[in-house]
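This report is meant for a reader who is meeting the structure below for the first time.

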Amino acid sequence: SGLGSEPGLLLASRGDTLDTRVILRFDTLPQKFTPVSDTARPITSVDSAYILLRVDTLHIVGPGPVTIEAYDVDTTADDTATAAVLALFRPDRFISSQTFARADLKDSTKYFISNATVLSKIQNGLPLRIGLRATGAASSQMVITSNEFGLPPTLFFRATPDTTTKPLNVNLY
């Protein structure tokens with residue numbers, strides 16, 4: 001299959017034999033939201049940001065736990081060049097991490113990310129491009145479904161802490 005048309009995205013850390021990472025591109029973020037019984041307003045806050053990962057639970061390898069780290073991999077370099085993107089997995093680009101026990105990896109897994117990172121991208125009119133990396137003491141491997149499979153990762157967040165306002169959702173590029 002061609003670049004970007006894979007049915008699944010392999011996220012793996014298997015010691016010195018395999019290290020694959022996943023890049024999620026949310027190239028267009030909403031600039032406005034509509035509170036309950038109000039009119040559209042600019043987004044000035046982000047609350048409860050997470051990415052809903054659709055995990056192929058039949059193909060998880062490893063007993064867990066696994067830590068998934070997220071990095072800001074937005075770049076003006078050719079983002080199809082592996083070396084350019086790999087160089088962005090560094091401490092100053094770190095967004096968040098979350099550790100999952102094997103039993104916590106469900107077909108719909110919430111991966112929480114930094115509200116401040118999402119807000120900064122929205123306010124600066126920039127895309128949100130996240131690189132995921134698996135780490136942990138044990139080997140791990142999972143497949144996250146992609147657009148081609150029909151269940152891509154989706155970004156969710158509230159534009160206000162008010163829980164009566166519906167969360168916004170953003171699909172992958």
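Which residues of helix 2 (residues 115–123) are buried? The buried residues of helix 2 are Thr117, Val118, Leu119, Lys121 and Ile122, where buried means under 20% relative accessible area, exposed means over 50%, and partly exposed lies in between, with a 1.4 Å probe and protein chains only.

The model is a predicted one, in which local features need pLDDT of at least 70 and side-chain atom pairs count only at pLDDT 80 or more, while totals for chains, interfaces and linings use all residues. Residues are numbered from 1 along each chain as its sequence is written, and side-chain values use heavy atoms, with hydrogens and water left out.

**Helix 2 and its ends**

The cover over the buried residues of helix 2 includes strand 6 (47–54), strand 7 (66–72), strand 8, strand 10 (128–135) and strand 12 (154–158); contact here means heavy atoms within 4.5 Å. The N-terminal end of helix 2 is capped by serine 114, which has a side-chain oxygen 3.3 Å from the backbone nitrogen of alanine 116. After helix 2 comes glycine 125, with a positive phi near 65°.

**The chain as a whole**

Two helices and 13 strands make up the secondary structure of the chain; these are DSSP runs numbered from the N terminus, with helices (H or I) of at least four residues and strands (E) of at least two. A compact globule of 173 residues would have a radius of gyration near 16 Å, and the 16 Å of the chain agrees with this; the radius is taken over C-alpha atoms, and the globule rule is 2.2 Å times the number of residues to the power 0.38. Along its principal axes, the C-alpha trace spans about 55 × 35 × 30 Å. Of the 173 residues in the chain, 43% are buried, and among the contacts with a separation of 6 or more, 74% join residues 24 or more positions apart.

Glutamine 98 belongs to strand 8 (residues 94–100). A polar atom of the side chain of glutamine 98 lies 3.3 Å from the backbone oxygen of lysine 110. Leaving aside residues up to four places away in sequence, glutamine 98 touches Val66, Thr67, Ile68, Lys110, Tyr111 and Phe112.

Aspartate 107 sits in the loop between strand 8 and strand 9 (108–112), and with the same exclusion of residues up to four places away in sequence, aspartate 107 touches Leu53, Arg54, Val55 and Thr57. The C-alpha atoms of aspartate 107 and serine 13 are separated by 20 Å, and these two residues are 94 residues apart along the chain.

Serine 48 lies in strand 6 and has a positive phi of about 60° although it is not a glycine. Leucine 86 lies in helix 1 (residues 82–86), and its C-alpha atom is separated by 25 Å from that of leucine 105, which is 19 residues away along the chain.

The relative accessible areas of three of these residues are set out here.

| Residue | Relative accessible area | Class |
|---|---|---|
| Aspartate 107 | 52% | exposed |
| Leucine 86 | 44% | partly exposed |
| Serine 48 | 36% | partly exposed |

Terms used: Polar contact = N/O pair within 3.5 Å; in protein donor to acceptor, adjacent residues only side chain to side chain.
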